[in-house]
Amino acid sequence: MNFTLKVWRQRDAQSQGHFVNYEAKNVSGDMSFLEMLDVVNEELTVQGEEPIAFDSDCREGICGSCAMVINGRAHGGRRGSTVCQVHLRHFQDGQTLLIEPWRARPFPVLKDLITDRSAFDRIIQAGGFVSVSTGGAPDGNAIPIAKPVAEQAMDAAACIGCGACVAACKNASAMLFVAAKVSHLAILPQGRAERERRVLNMVHAMDQAGFGNCTVTGSCEAACPKEISLDFIARMNREYGKALLLNTVAKKASGGD
Ligand code: SF4
Ligand code: FES
């Protein structure tokens, strides 16, 4: 297969970026999208040119590193797939492919297709954990959890923190990511003790990072490679409302404002 690639090249965070054309010639339809970029990069290196910078790690859809937009669709637009899981046979021979980084102010471009997604790390640091000493591995059935509850928590925990939800949202909202992280802990008994503090702190960190508001367009859910449901956003809004209320009541009871 042959493709014309229009790739976003940007020297560093301070420089202006622009699209550069490359030809990917005689590549196999069974190659992954990232393998094609590897081939193009090998040719660029042989020619003495700088290879295209992009993130990847697991190359099997679990690390969330391979963040890029292909022809305007986060992760290339194949349902339930990250870029590393997209194969060239899903495109048309001879097609032109526009390849760019996530476009969202809280994810500044560091170089070419690599963005700084540490804003997500700061949100997790604000509360995406259970702060108890867990000691050794507990017995598997020490805290019985009903199967539907465990499955719901697992559905939320499937989020790989890739940021496609933000990239696909016209408001650059991170609500789907934060909702998944808040929910997977709040649903389980181990996470309930800190649930109010957690949701307040994580939403605050999200706002501080400059992500936009959710206007329920559903583009995040459509772009999410782990098919995280919008229902989790509704769940987080309920968690947040309850936490605000409890916080206000607690402040009044202690004589605060
Ligand atoms: S919610 Fe989906 S799109 Fe957003 S960070 Fe998690 S896995 Fe990626
Ligand atoms: S490289 Fe890990 S999800 Fe794509």
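Student: On what basis is the model read, and how are residues numbered?

Tutor: Because the model is predicted, local features need pLDDT of at least 70, side-chain atom pairs count only at pLDDT 80 or more, and totals for chains, interfaces and linings use all residues. Residues are numbered from 1 along each chain as its sequence is written, chains are lettered from A and ligands numbered from 1 in the order in which they are written, and side-chain values use heavy atoms, with hydrogens and water left out.

Student: Why is R117 called buried, and why is D55 called partly exposed?

Tutor: Buried means under 20% relative accessible area, exposed over 50%, and partly exposed in between (1.4 Å probe, protein chains only). R117 has a relative accessible area of 15% and is therefore buried. D55, at 27%, is therefore partly exposed.

Student: What makes E50 and K111 a tie between separate parts of the chain?

Tutor: Their side chains meet in a salt bridge at 2.7 Å, N to O. E50 lies in the loop between α1 (33-46) and β3 (69-70) and K111 in strand β6 (residues 109-111), so the pair ties together parts that are 61 residues apart in sequence. E50, at 44% relative accessibility, counts as partly exposed, and K111, at 23%, counts as partly exposed.

Student: How do you know whether E100 is buried or exposed?

Tutor: Its relative accessible area is 13%, so E100 counts as buried. E100 lies in strand β5, and its side chain meets that of R103 in a salt bridge at 3.0 Å, N to O. R103, at 36%, is partly exposed.

Student: Which residues does E100 touch, not counting residues up to four places away in sequence?

Tutor: E100 touches W8, F19, M68, V69 and L113, where contact means heavy atoms within 4.5 Å.

Key: Helices (H or I, at least four residues) and strands (E, at least two) are DSSP runs, numbered from the N terminus. A salt bridge is a side-chain nitrogen of Lys or Arg within 4 Å of a carboxyl oxygen of Asp or Glu.
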